[in-house]
Amino acid sequence: MDKSEKFALGLSGLLLITFFVAILYASVAKNIQVPTCITDVEPFTTDTLFQVGEDEYELHMIARMWAFQPSTVTLPAGSTLHMYVTSQDIIHGFKIENKNVNLMAVPNSINYMSVTFDEPGEYFFACHEFCGAAHHAMAGRIHITEDDEVEATGGDL
Ligand code: CUA
């Protein structure tokens, strides 16, 4: 084997190990999750928000032209939100400002991600996939409060 071939082979191996260690570091030390496509949840046609544990809530979110349903979610600070997102028409995006949440809302498919809101405040979310005339207006907010209010409203047809 040529010297440069050996070098290229060694370098590729080293890169693979580096990437693997980076993935391990992200998932174990940084607790970074990758958005997941869910196959064991029945497709839903109505939005819901319900409690699944202490400080844990499950949200079924529907995206469609041109609104999110619900468009306003209110939760107490410290809540972990398990989000299941789908679309009723075409592909939309779902990104929460200042949070590491960036999902696609895909028809006939459910994407999942969970996020914890430690600080009270307004967390805006918006569609980030161009979906037509009112794409720019497709947005909502997650309102994190100091009290125990839990509510999901807005975006109804
Ligand atoms: Cu929905 Cu852009």
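1. Let's start with Leu15, which belongs to helix α1, covering residues 3–29. Leu15 counts as partly exposed because its relative accessibility is 43%, and buried would require a value under 20%. Please keep in mind as you read that this is a predicted model. Leu15 also takes part in a nonpolar surface patch of about 540 Å², together with Phe7, Leu11, Leu14 and Phe19.

2. Now follow the chain past the helix to Ile32, in the loop between α1 and β1 (36–38). Ile32 has a relative accessible area of 43%, so it is partly exposed. Not counting residues up to four places away in sequence, Ile32 touches Ala26, Ser27 and Asn100.

3. Which residues have the most contacts inside the largest nonpolar core? They are Phe68, Leu81, Met83, Phe94, Ile96, Phe117 and Ile142, and the core has 25 residues. Strands β3 (56–64), β5 (72–76), β6 (79–87), β7, β8 (101–105), β9 (110–117), β10 and β11 (139–145) each supply at least two of its residues. The biggest share comes from β3, with 4 residues. Apart from this core lies another one, of 6 residues, including Ile38, Phe44, Tyr84 and Tyr112.

4. Leaving aside neighbours within four places in sequence, its contacts are Leu49, Tyr57, Leu59, Leu75, Met113, Ser114, Val115, Phe117 and Ile142.

5. Phe94 sits in strand β7 (residues 92–96) and Phe125 in strand β10 (residues 121–126), so the pair ties together parts that are 31 residues apart in sequence.

6. Staying in strand β7, we come to His92. Is His92 buried or exposed? It counts as buried, because its relative accessibility is 0%. Beyond neighbours within four places in sequence, His92 is in contact with Ala63, Arg64, Met65, Ser87, Met104, Ala105, Cys127, Glu129, Cys131 and Met138.

7. Next, the backbone. Most residues other than glycine have a negative phi, and most peptide bonds are trans. With that in mind, check the bond from Met65 to Trp66, which is cis with omega near -5°. Trp66 lies in the loop between β3 and β4 (67–69). Another cis peptide bond joins Gln69 and Pro70, where omega is about 0°, and Pro70 is in the loop between β4 and β5.

8. Finally, here are two residues to check for phi. Asp55 has a positive phi of about 60° although it is not a glycine, and it is placed in the loop between β2 (48–53) and β3. Its relative accessibility is 38%, so Asp55 counts as partly exposed. Asn98 has a positive phi near 65° and is likewise a residue other than glycine. You will find Asn98 in the loop between β7 and β8, where it counts as exposed because its relative accessibility is 67%.

Terms used
Residues are numbered from 1 along each chain as its sequence is written. This is a predicted model: local features need pLDDT of at least 70, side-chain atom pairs count only at pLDDT 80 or more; totals for chains, interfaces and linings use all residues. Side-chain values use heavy atoms; hydrogens and water are left out. A nonpolar core is a set of buried Ala, Val, Leu, Ile, Met, Phe, Trp, Tyr and Cys residues joined through side-chain atoms within 4.5 Å. Buried means under 20% relative accessible area, exposed over 50%, partly exposed in between (1.4 Å probe, protein chains only). Contact means heavy atoms within 4.5 Å. Patches are made of residues with over 30% relative accessible area and no salt bridge: like charges are joined within 9 Å, nonpolar side chains (Val, Leu, Ile, Met, Phe, Trp, Tyr) within 5 Å. Accessible areas come from the Shrake-Rupley method with a 1.4 Å probe; for residues, only the protein chains shown count as cover. A salt bridge is a side-chain nitrogen of Lys or Arg within 4 Å of a carboxyl oxygen of Asp or Glu.
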